[in-house]
Amino acid sequence: MRGAVIHAPGDVRFEERANPAIQAPTDAVIRMSATCVCGSDLWDYRGINPVNGPTPMGHEYVGIVEAVGSDVTTVKPGQFVIGSFFASDNTCEICRAGFQTSCVHREFVGAGGAQAEYLRVPLADGTLVATPDLPSDDLLPSLLAASDVLGTGWFGAVAADVKPGATVAVVGDGAVGLLAVLAARELGAERIIAMSRHESRQKLATHFGATDIVTERGDEGVARVKELTGGLGAQSVIEAVGTQQSMLQAIRSARPGGAVGYVGVAHDVTLPGEELFYSHVRLLGGPAPVRRFLPDLIDRIERGAIDPGRVFDLELPLDQVAEGYRAMDERRAIKTLLRP
Ligand SMILES: [Zn+2]
């Protein structure tokens, strides 16, 4: 088969790779229906994460089950499935508490490289969710979004304790931030402040439910959120960037008693303990336990209640994956969908 391999920063190639096979009785192999490039893939592409030799890329996937190991009981060949970037048994205590991305048996599915024609998924019973029927083609982008960016934005909103009637601020206008806006709306937020300075992203944020747009960043952004919330700050803040500035902006935009859900992968973030102590703000974040939300998200997508697939503003054949990276790196695209 063929798949994307990063050789060095800026150097993604679509090349011949070994076909994945069942290695453990709990594995499945899927044939990719669609995959995509993640904002976190850009950390490698930009050389911020080290690239140690040729590495298969991609961790977002939807596809058709091709083969299953002898212990797999909940999915079968021919079914359309969605899974998360971490495989989980979905039975251990941590999974049952809803934190499948910290499963005691977790494995990184992306190690197999999902930007490829086939993918091995470990712990298939605990990781994959099958749709009731084969979905129509127009639902593919939204179902693919559920595999990571929607599930991550959703976790951000849940971790930020978004409740009906709440005032919410979202820091970050990438795919996750935009879908956190959608999640906040679905969870009943009344006022959603999206922080963005890009017109096309502001439009999408508004489509997903943002009621206010703030273009300022850092302390000025915080001041603007306070101005919009009677001087108090938002009850719930979702952080979807992962930098020092965005984390502090999120914490400082929350009111005392409020909560921050942080889902941007943190890079060199150091939090000031004394400021945190006096903030009275709750923090919960980390790699989103997407698996917790998948059945609900799939249901909402199939009912037509949400259209998260709109974050894909570029679609390319899988063999043009390198252009998909370039377009996102140059911010010509929010998110690239790839079809084999
Ligand atoms: Zn587990």
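Biologist: In the hairpin of S1 and S2, which residue takes a positive phi?
Modeller: Strands and helices here are DSSP runs numbered from the N terminus (helices H or I, at least four residues; strands E, at least two). S1 (residues 2-8) and S2 (residues 11-16) are antiparallel partners over six bridges, and strands count as paired if DSSP finds at least two bridges between them. The hairpin leaves two residues between its strands, and the one with a positive phi, near 80 degrees, is Gly10.

Biologist: Before we go on, which pLDDT do side-chain atom pairs need to count?
Modeller: Residue numbers start from 1 along each chain as its sequence is written. This is a predicted model, where totals for chains, interfaces and linings use all residues, local features need pLDDT of at least 70, and side-chain atom pairs count only at pLDDT 80 or more.

Biologist: Nice. Which residue of S4 stands opposite Ile6?
Modeller: S1 and S2 belong to an open, antiparallel sheet of three strands in the order S2-S1-S4. Its edge strands, each pairing on one side only, are S2 and S4 (55-56). S1 joins S4 over two antiparallel bridges. Ile6 stands opposite Val12 in S2, while in S4 its opposite number is Thr55.

Biologist: At about what angle to S2 does helix H12 run?
Modeller: Axes are lines fitted to C-alpha atoms, for helices over the stretch in contact, with angles from 0 to 180 degrees between N-to-C directions. Helix H12 (residues 321-329) lies across S1 and S2, and the angle to S2 is about 160 degrees.

Biologist: How is the chain divided, and how many Å separate the centres of domain 1 and domain 2?
Modeller: The bounds come from an automatic or database domain assignment. They give domain 1 (2-148 + 289-339) and domain 2 (150-285). Taken over C-alpha atoms, the distance between their centres is 26 Å.

Biologist: Which helix gives the most to the side of domain 1 that touches domain 2?
Modeller: In this interface 19 residues of domain 1 are in contact with 17 residues of domain 2; contact needs C-beta atoms, placed from the backbone, within 7 Å. H4 (140-146) and H11 (290-302) each supply at least two residues of the domain 1 side. The most, four residues, come from H11.

Biologist: Let's turn to the six-strand sheet: by how many degrees are neighbouring strands turned on average?
Modeller: This open sheet has parallel pairing and the order S13-S12-S11-S14-S15-S16. S13 (212-214) and S16 (282-285) have a single partner strand each, so one side of each lacks a neighbour in the sheet.

Biologist: Why is helix H5 described as largely enclosed?
Modeller: A residue is buried if 20 or more other C-beta atoms, placed from the backbone, lie within 10 Å of its own, exposed if 12 or fewer, and partly exposed in between. H5 covers residues 149-159, and it is largely enclosed by the rest of the structure because its buried residues number eleven of eleven. The cover over them includes H4, H6, S14, S15, S16 and H11.

Biologist: Is Asp268 buried or exposed?
Modeller: Asp268 has a positive phi of about 55 degrees although it is not a glycine. Asp268 sits in the loop between S15 and H10 (273-279). With 8 other C-beta atoms within 10 Å, Asp268 is exposed.

Biologist: And in which loop is Asn90 placed?
Modeller: Asn90, also not a glycine, has a positive phi of about 65 degrees. Its 19 C-beta neighbours inside 10 Å make Asn90 partly exposed. Its place is the loop between S7 (86-87) and H2 (93-96).

Conventions:
Contact = placed C-beta atoms within 7 Å.
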